[in-house]
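Trainee: Could you walk me through this one before I set anything up?
Mentor: Gladly; have a look at it first.

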Amino acid sequence: MPTPDPQVSKLLRAELQRQRDGLTLIASENIVSPAVLSAVGSVLTNKYSEGYPGRRYYGGNQVIDDVERLAIARAKKLFGAEHANVQPHAGAIANIAVFFTFLKPGDKILSMDLRAGGHLTHGLRINISGKYFSIIPYGVDANGYIDYREVARLAKQHRPKMIISGASAYPREIDFAQFGRIAQSVGAIHLADIAHIAGLVITGLHPSPIPHADVVTTTTHKTMRGPRGAIILCKKIHAAAIDRAVMPGIQGGPLDHVIAGKAQAFAEALKPEFRRYQKQVIKNAAVMAEVLQAHGLMLSTGGTDNHLMLADVRPLGLTGALAEKLLEDVGIYVNKNLIPNDPRPPLDPSGIRLGTPAVTSRGLKEKDIAVLSHAMVQHLTRPKNLSVKKQAAKTVAILTKKFPLYPTLK
């Protein structure tokens, strides 16, 4: 068999070292367990298995069938769902499958505007969702909160075929029951995209959309702390149509090694310590929000209910892109992000998005988050002060040494 390529090996070691030496505050990233890593890097990557358990287009899928059935059973148990499809490669794929299950090109979708905190797959003009469907966007009020009366008004006015709840940059609790009532009042399908908050939902720390939505999509990384991928949850009445939309509608063979990683992550999520982890994620986010605001950063909605926050860095004389780069220079990773009603362009917006799932997975608690947040805001406040920059980098080095990442990996 071929030996590992030295260039690839070097790059893998470099990325491991980057993750070890830095602290990730990107809200959509997390750190999987060694067991998940092992599953995703397993021999299951050798198998091709178009179809579903018991109905494959290739032989030799007895074990693969058991792996997928296990992932399905655990997903249904976690979310209390009637049906689960664990094959989607990504959240974008899951959403597209749902669209082509219920909609025809040109149908209307009511969804959160990207500039208000929505996701590009919810109807951005240059995304396939915006190209194939007629999008009616809803936003947030002057304080950054979803205006449910406005959502209801738009639904009544436009009579969309689908209403999407869920966001990629919304720091407050979402009222899925209210969305469900609005959708029902106009005969619309209610899709809840909980990619960011799924971990909070399954631990009861955020209301679940399952009783109020026709179909739910989520990624399996982010707060779920699993491999990169997605799942679709729905009522039994929609199960066959959803499955057909995923395969053969959009995908061919599933990524069996990733499904095994999902099954492993679901097993971890069923344990009591996973709820303790999610509670710590929320506590850490609350502390970070408090420190950032105390030092002059403006947060959308004035805080957070979940794992993330949006900070307006304009009061510091910065743009989101510059703030992202300044923090990366000291080993702190965030992402530039639009804030509600942002006057600036997406590639150089007014804000940054910060989240606590990954640093919480490393073991940081409230006191550590306060130290990190203080160093971060000091650097952003005085970006040209070299001593402040060195102190921020030193703080990162101390915390990464205190909370090592994958110490047994080489």
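Mentor: What follows goes from the overall fold to a few local details.

Trainee: Where does the model come from, and how many helices and strands does the protein chain have?
Mentor: This is a predicted model, and the protein chain in it has 15 helices and 15 strands.

Trainee: What radius of gyration does the protein chain have, and what would a compact globule have?
Mentor: The protein chain has 21 Å, which agrees with the value near 22 Å that a compact globule of 410 residues would have. Along its principal axes, the C-alpha trace spans about 65 × 60 × 40 Å.

Trainee: And what share of the residues is buried?
Mentor: Buried residues make up 57% of the 410 in the chain, and among contacts with a separation of 6 or more, 73% are between residues 24 or more positions apart. The accessible surface comes to about 18,200 Å², with 56% of that belonging to carbon and sulfur atoms.

Trainee: Switching to charges, how many positive and negative side chains are there?
Mentor: There are 51 positive and 32 negative side chains, and the centres of the two sets lie 2 Å apart.

Trainee: Backbone next: which peptide bond is cis?
Mentor: The bond from Met-247 to Pro-248 is cis, with omega near 20°, and Pro-248 sits in the loop between α9 (236-246) and α10 (256-269).

Trainee: What about phi of Lys-222 and Arg-225?
Mentor: Phi of Lys-222 is near 45°, a positive value in a residue other than glycine, and phi of Arg-225, likewise not a glycine, is positive as well, near 60°. Lys-222 is found in the loop between β9 (215-219) and β10 (230-234), and Arg-225 is also in the loop between β9 and β10.

Trainee: Is Lys-222 buried or exposed?
Mentor: Lys-222 counts as buried, because its relative accessibility is 9% and the cut-off for buried is under 20%.

Trainee: How many aromatic pairs are there?
Mentor: The count comes to eight aromatic pairs. One of them is Phe-100 with Phe-133, a tilted pair at 5.7 Å centre to centre with 55° between the planes. Phe-100 lies in helix α4 (residues 91-102) and Phe-133 in the loop between α5 (128-132) and β6 (134-138), so the pair ties together parts that are 33 residues apart in sequence.

Trainee: How accessible are Phe-100 and Phe-133?
Mentor: Phe-100 is partly exposed, with a relative accessible area of 36%, whereas Phe-133 counts as buried at 6%. Together with Phe-99 and Tyr-132, Phe-100 and Phe-133 form one aromatic cluster.

Methods:
Residues are numbered from 1 along each chain as its sequence is written. This is a predicted model: local features need pLDDT of at least 70, side-chain atom pairs count only at pLDDT 80 or more; totals for chains, interfaces and linings use all residues. Side-chain values use heavy atoms; hydrogens and water are left out. Helices (H or I, at least four residues) and strands (E, at least two) are DSSP runs, numbered from the N terminus. The radius of gyration is taken over C-alpha atoms; the globule rule is 2.2 Å times the number of residues to the power 0.38. Buried means under 20% relative accessible area, exposed over 50%, partly exposed in between (1.4 Å probe, protein chains only). Contact means heavy atoms within 4.5 Å. Accessible areas come from the Shrake-Rupley method with a 1.4 Å probe; for residues, only the protein chains shown count as cover. Lys and Arg count as positive and Asp and Glu as negative; His and the chain ends are not counted. The place of a charge is taken as NZ of Lys, CZ of Arg, CG of Asp or CD of Glu. Rings of Phe, Tyr and Trp (its six-membered ring) pair if their centres lie within 6.5 Å; planes under 30 degrees apart count as stacked, over 60 as edge-to-face and the rest as tilted.
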